[in-house]
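Student: I would like to learn how to read helices and their packing in a model, one feature at a time. Could we begin with the terms?

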Amino acid sequence: RRCTVPRAGLTPDRVVSAASDLADEQGYSRLTLAALAERLGVRQPSLYKHIDSLDSLQRGISVQAKRELGEVLGRAAVGQSGPDAVRAIADAYRRWVLEHPGRYAATVRAPSPDDEEDLRASEEVVAILLDVLAGFGLRGNAAIDAARTLRSALHGYVSLEASGGFGMPRNVDRSYRFLIDTVVAGLSVR
């Protein structure tokens, strides 16, 4: 399947966007410059006018995906507080990950300490989590511990769900609700 982006219209942002779509469809770990060039209808060497390497492309996907995830979580958190806010951002996170598995895989990548753009995108997501957790009276190190706990619980669940890791005859939505209720209960007793 070829992208309808005309060759003359290629920009670094369009290349990253097309790569993000391809990663969602084929898997982030299977993304290649050859497949991206085919998608865009160009020869692979033409990509180097817009990106430096596969690594720089992956970094671009990571930054874009973190921004998208931050926007999704931010919208979900608006007007919510406490347990409702945790449930809202958890549901938004889960939906986004299941819709964008390739992009999500790119978000796991920690930013390089000297990459200001990636650091900002990562910090925006963390800031949303910390704002939500402040509704439980969690600040400082306790908030960091809680953010890591929430992220780990969500990451583990949605990663297993997305990869077909739940084979038992129990509705995955019910199990997901149990997970979120358990996390919320743990946050509430702090």
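Tutor: A helix here is a DSSP run of H or I with at least four residues, numbered from the N terminus. Bear in mind that this is a predicted model. With that definition, α8 is followed by Gly-164, whose phi is positive, near 75°.

Student: What span does α8 reach from its first C-alpha to its last?

Tutor: Helix α8 has 23 residues and reaches 32 Å, which is close to the 33 Å expected at 1.5 Å a residue.

Student: How is the packing of two helices described?

Tutor: In general, one gives the angle between the two axes and the distance between them. In this model, α8 (residues 140-162) and α9 (residues 172-188) pack at about 175°, with their axes 11 Å apart. Since angles over 145 degrees count as roughly antiparallel, the two helices α8 and α9 are therefore roughly antiparallel to each other.

Student: Which residues of α8 and α9 meet?

Tutor: From α8, the residues include Ala-146, Leu-150, Leu-154 and Tyr-157, while those from α9 include Val-172, Tyr-176, Leu-179 and Val-183. The residues of this contact divide into 11 nonpolar, 1 polar and 1 charged.

Student: Which residues are buried in α8, and what covers them?

Tutor: As a general idea, an α-helix has 3.6 residues a turn, so residues three or four places apart point the same way. In α8, the buried residues include Ala-143, Ala-146, Leu-150, Leu-154, Tyr-157 and Glu-161, and what covers the buried residues of α8 includes α5 (82-99), α7 (116-134) and α9.

Notes:
Residues numbered from 1 in each chain as written. Predicted model: local features only at pLDDT ≥ 70, side-chain atom pairs only at ≥ 80, totals over all residues. Heavy atoms only, no water. Axes fitted to C-alpha atoms, helices over the stretch in contact; angles between N-to-C directions. Parallel < 35°, antiparallel > 145°, perpendicular 65-115°, else oblique. Contact = heavy atoms within 4.5 Å. Nonpolar A, V, L, I, M, F, W, Y, C, P; charged D, E, K, R; others polar. Expected span 1.5 Å × (residues − 1). Buried < 20%, exposed > 50% of the residue type's maximum accessible area, 1.4 Å probe, protein only.
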